[in-house]
Amino acid sequence: MLTSKFSSSSNIYSTFILLSLLLNIISLCSSIVLPTTLILPVTKDSSTLQYITVIGQRTPLIPVNFTVHLGSASLLVDCESGYNSSTYKPVLCESKQCSFAKAEYNACGSVCLSKPRPGCNNNTCHTLDGNPIIDTYTGAELAEDVLAIGSKPVVLVSQPKFIFTCIRSFIMTHLAKGVTGIAGFGHNSTISIPNQLASLDSRFTSKFGICLSSSTISSGVIFIGSTPYYVYKPMIDISKNLVYTPLVKNIFTTSKFSEYHVKVSSIRIAGKNVPLNKTLLAIKQGRGGTRISTTTPFTILHTTIYDAVKTAFINALPKNVTIEPPTKQFGLCFSSKNIRNTNVGPDVPLIDIVFHKKSAFWRIYGTNSVVQVNKDVMCLAFVGQDQTRAPSIEIGGYQLEENLLIFDLPQKKIGFSSSLKLQQTSCSKYEKTS
């Protein structure tokens, strides 16, 4: 009898201890301030020069490699190459999810000739999206599935019903090896990664920053959520002192692609204005203007703009620098023997991209303006191309590397830092342990 009483008292005491511990944990958790910024590591593929990130998806959860594209309207996933998930759910026509997605394609997949599978279901909501690298776009099924996004040390977010575009395999050609999707960060889409995360989780805003590493060994980062954005060793808030310019809508394309356009009013080289055909700098009937792209390796300039920039750059080079034959890719090359190196790359003429007003300009130093093609020769890292059906200026990835760009979607503006090398840091130092 005594043993029974003792056993009963011991159980009550154990239960009390467990309850006390549970209450302490609850109290502790209630005092924790949850992070408001998500970190997404981004690597550079050495073969394609595409920028790659990894996002978890499906049940069971698997890591999926995505090419980062600023202008895509959603997360695009190849659903023909072994997409298996117990939580996949197609978005039905006239559903709340379809209305939320505001699908521009405005069509329903009513006939699926094969057995229902991911990407092929009846009465499903379709949207228009595709691959900018091969310039191919098609209607595709919208769906929901589990998504896990982010990385230590900040926060990892899991969403059970994240809407994405279930695309066919032929759309995914010319992507980096192992990549089976495109991560879309478009501004004019409710289901792009930043906009959808902000709608699903009140911790986050639809503001994000992109900081691409110039190295194929160490990764850069995309910050999703509110500032400040930090790098470490030393600890610096790199989101301070940016130059902001308004986001410009291209009414002929944003309903389809959600691309990012800005107004460029002039270009300066070594402090002098480059004589440009200003009509090319404005968007007219969907053509002209300036677009920012992470899927274009090097900045592309309309041929007339490129020729003017090339001439101005040559005139600003030191007299003891000799011009070399152009390469297949670059139209201006020169000897690097008499070019000294600085903390921001080769000491070549500075290039200023002037935005909506003279005081708002983005300075490009040698580390982003030229590329070393062999031991004794470097080239201007801009490409001249007939842009009759595209922007007159398309700012490419090489020029963005080791710079922070903040896309403030609520305020409809884009912020540009200059090279982080000026602060003796880099985009790869986003982790406290780096």
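Rings of Phe, Tyr and Trp (its six-membered ring) pair if their centres lie within 6.5 Å; planes under 30 degrees apart count as stacked, over 60 as edge-to-face and the rest as tilted. The structure is a predicted model, in which local features need pLDDT of at least 70 and side-chain atom pairs count only at pLDDT 80 or more, while totals for chains, interfaces and linings use all residues. Residues are numbered from 1 along each chain as its sequence is written, and side-chain values use heavy atoms, with hydrogens and water left out.

**View 1. The stacked pair of Y83 and F164.** The ring centres of Y83 and F164 are 6.0 Å apart, and their planes make an angle of 20 degrees. Y83 belongs to the loop between β4 (75-78) and β5 (89-90), and F164 to strand β9 (residues 155-167), so the pair ties together parts 81 residues apart in sequence. Helices (H or I, at least four residues) and strands (E, at least two) are DSSP runs, numbered from the N terminus. Y83 and F164 are buried, that is, under 20% relative accessible area, with exposed meaning over 50% and partly exposed in between (1.4 Å probe, protein chains only).

**View 2. The stacked pair of F208 and F407.** For F208 and F407, the centre-to-centre distance is 4.8 Å and the angle between the planes is 10 degrees. F208 is part of strand β11 (residues 207-211) and F407 of strand β31 (residues 404-408), so this pair connects parts 199 residues apart in sequence. Both residues, F208 and F407, are buried. Ring pairs also join F185, F208, Y260 and F407 into a cluster.

**View 3. Charged groups over aromatic rings, R268 on F361 and K413 on Y244.** A charge sits over a ring if NZ of Lys or CZ of Arg is within 6 Å of the ring centre and within 35 degrees of the ring normal. R268 lies over the face of F361, 4.7 Å from the ring centre. The charged end of K413 is placed over the ring of Y244, at 4.5 Å from its centre.

**View 4. The open sheet β21-β22-β28-β27.** Four strands form this sheet, with antiparallel pairing; two strands pair if DSSP finds at least two bridges between them. β21 (323-324) and β27 (370-374) are at the edges with a single partner strand each, so one side of each has no neighbour in the sheet. Four bridges join β27 and strand β28 (residues 377-380) in the antiparallel sense, and V370 stands opposite L380 in β28.
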